[in-house]
Structures are given as C-alpha cells and as structure tokens.
Amino acid sequence: MVKKLVGSVTPEERNEIQALFERRNGLNELAKIVTADNTELYEKLVTDLGSTGTKFQAWWDRMSDKYKWESADDGNWEINFDTCDIYLVRQ
C-alpha cells in the first residue's frame, strides 16, 4: 500500500466529513445487531445508511472538484482527521 499526500482541507471541512464518518461507522455497528424482524427500526436504519453514504460520497466529490486532488483508478482518498491532510492510497 502506498500513501501520497495530495492536499488538505479546512478544519470546518474536516469536521463535516468526520461527523459523517462517525455516523456511518455507528450505523454499520448498529446494522450488525438490528434484525429485519424489527421492521420499523430496520427500514429507518437502511434509509439512514443510504442517506449518510450518499452525503459521505458527495463530500469527497465536492472536495475533489474544489481542490483538484490527484486520483487513480486503483486508489482512494483518505483523510488524517488530526492534520486535515488528504492522501491518495493505492494498493
């Protein structure tokens, strides 16, 4: 795995993606214990996961357009929440 520094974001932008990241992780953990038996909760969880995933991807799309980060077909971006730095990670 190779990590290359390709840019950074503002602390405000970092806070936005960090909140989405933590929400997505929390929902994924919840998904491990909620069963389809609880229809109402299950449907809300599925909807929220989809919505959060869409917002998460939209943030990356918006920031990459704004900052023109280097990208690669075999890579993805990663943020260091402590430094606000963005890395291109390739396998």
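Tutor: Let's start with a definition: two strands pair if DSSP finds at least two bridges between them. Keep in mind that this model is predicted.

Student: Thanks! What makes β1 and β3 a pair?

Tutor: The cut-off is at least two bridges. β1 and β3 have six bridges, in the antiparallel sense, so they count as paired under that rule.

Student: What lies between β2 and β3 in their hairpin?

Tutor: Four residues separate the two strands. Cysteine 84, in that turn, has a positive phi of about 70°.

Student: In which order do the three strands form the sheet?

Tutor: The order is β1-β3-β2, in an open sheet with antiparallel pairing.

Student: Why are β1 and β2 called edge strands?

Tutor: β1 (2–8) and β2 each pair on one side only. From one strand to the next, the twist averages 30°.

Student: Now the helices. Why are α1 and α2 called roughly antiparallel?

Tutor: Helix α1 (residues 11–31) and helix α2 (residues 39–67) pack at an angle of about 150°. Angles over 145 degrees count as roughly antiparallel, so that is the name for this pair. Their axes are 10 Å apart, and the crossing is left-handed.

Student: Which residues bring α1 and α2 together?

Tutor: On the α1 side they include Ile17, Leu20, Phe21 and Leu27, and on the α2 side Leu45, Leu49, Phe56, Trp59 and Trp60. Charged side chains take part too, among them Glu13 and Arg24 in α1 and Asp48 and Lys55 in α2. By class, the contact has 13 nonpolar, two polar and eight charged residues.

Student: How does α2 sit relative to the sheet strands?

Tutor: α2 lies across β1, β2 and β3, and runs at about 90° to β2.

Student: How do you know how the chain compares with a compact globule?

Tutor: Set the two values side by side: a compact globule of 91 residues would have a radius of gyration near 12 Å, but this chain has 15 Å. The C-alpha trace spans about 45 × 30 × 20 Å along its principal axes.

Student: What pattern does the chain follow along the sequence?

Tutor: The pattern is β-α-α-β-β, with two helices and three strands.

Definitions and conventions. Residues are numbered from 1 along each chain as its sequence is written. This is a predicted model: local features need pLDDT of at least 70, side-chain atom pairs count only at pLDDT 80 or more; totals for chains, interfaces and linings use all residues. Side-chain values use heavy atoms; hydrogens and water are left out. Axes are lines fitted to C-alpha atoms, for helices over the stretch in contact, and angles run from 0 to 180 degrees between N-to-C directions. Angles under 35 degrees count as roughly parallel, over 145 as roughly antiparallel, 65 to 115 as roughly perpendicular and the rest as oblique. A crossing is left-handed if the near helix is turned anticlockwise from the far one by less than a right angle, and right-handed if clockwise. Contact means heavy atoms within 4.5 Å. The radius of gyration is taken over C-alpha atoms; the globule rule is 2.2 Å times the number of residues to the power 0.38.
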